[in-house]
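Student: Could we go through this one together? I'd like to start with the overall picture and then get into the details.

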Amino acid sequence: MTLSHLADAAIREGLTPLEYMLAVLRDETADPERRDEMAKAAAPYIHPRLASIEASHRIKSDVRDLSDAELIAIASSTGIAEETGGEGEHRGVH
């Protein structure tokens, strides 16, 4: 099937642009350069790019740099708070 036949079929059958691109891509008789172009054009619809994000983290290497709230959160998440009497009791960690 030639490219013009594919285009005509797409119009007749109401194919979406993506379906058309995939049809050309799968047509082994189509020109390889045309198939490559369709692969490039269809790729973002099938394999979206990952979004880049900026992350900033402040790493505290010494427990003395942690706030009371951070220490409580750590103690609560590890079960230490229950062992030592709960959140209300800080025993001079700083």
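Tutor: Of the 94 residues in the chain, 17% are buried, where buried means under 20% relative accessible area, exposed means over 50% and partly exposed lies in between, with a 1.4 Å probe and protein chains only. This is a predicted model, in which local features need pLDDT of at least 70 and side-chain atom pairs count only at pLDDT 80 or more, while totals for chains, interfaces and linings use all residues. Residues are numbered from 1 along each chain as its sequence is written, and side-chain values use heavy atoms, with hydrogens and water left out.

Student: How many helices and strands are in the chain?

Tutor: The chain has 5 helices and 0 strands, taken as DSSP runs numbered from the N terminus, with at least four residues of H or I for a helix and at least two of E for a strand.

Student: OK, what about α2 and α3, at what angle do they pack?

Tutor: Helix α2 (residues 17–26) packs against α3 at an angle of about 140 degrees, and their axes are 8 Å apart; the axes are lines fitted to C-alpha atoms over the stretch in contact, and angles run from 0 to 180 degrees between N-to-C directions. The two helices, α2 and α3, are therefore oblique to each other, given that under 35 degrees counts as roughly parallel, over 145 as roughly antiparallel, 65 to 115 as roughly perpendicular and the rest as oblique.

Student: And which residues make the contact?

Tutor: On the α2 side they include Leu-18, Tyr-20, Met-21 and Arg-26, and on the α3 side Arg-34, Met-38, Ala-42 and Ile-46 are among them, with contact meaning heavy atoms within 4.5 Å.

Student: Switching topic, how many salt bridges are there?

Tutor: The count comes to 2 salt bridges, each being a side-chain nitrogen of Lys or Arg within 4 Å of a carboxyl oxygen of Asp or Glu. One joins the side chains of Glu-37 and Lys-40, at 3.7 Å from N to O, and the other pairs Asp-62 with Arg-64, whose closest N and O atoms are 2.5 Å apart.

Student: Where do Glu-37 and Lys-40 lie?

Tutor: Both Glu-37 and Lys-40 lie in helix α3 (residues 32–46), 3 residues apart, which is about one turn of the helix. Glu-37 is partly exposed at a relative accessible area of 42%, whereas Lys-40 is exposed at 59%.
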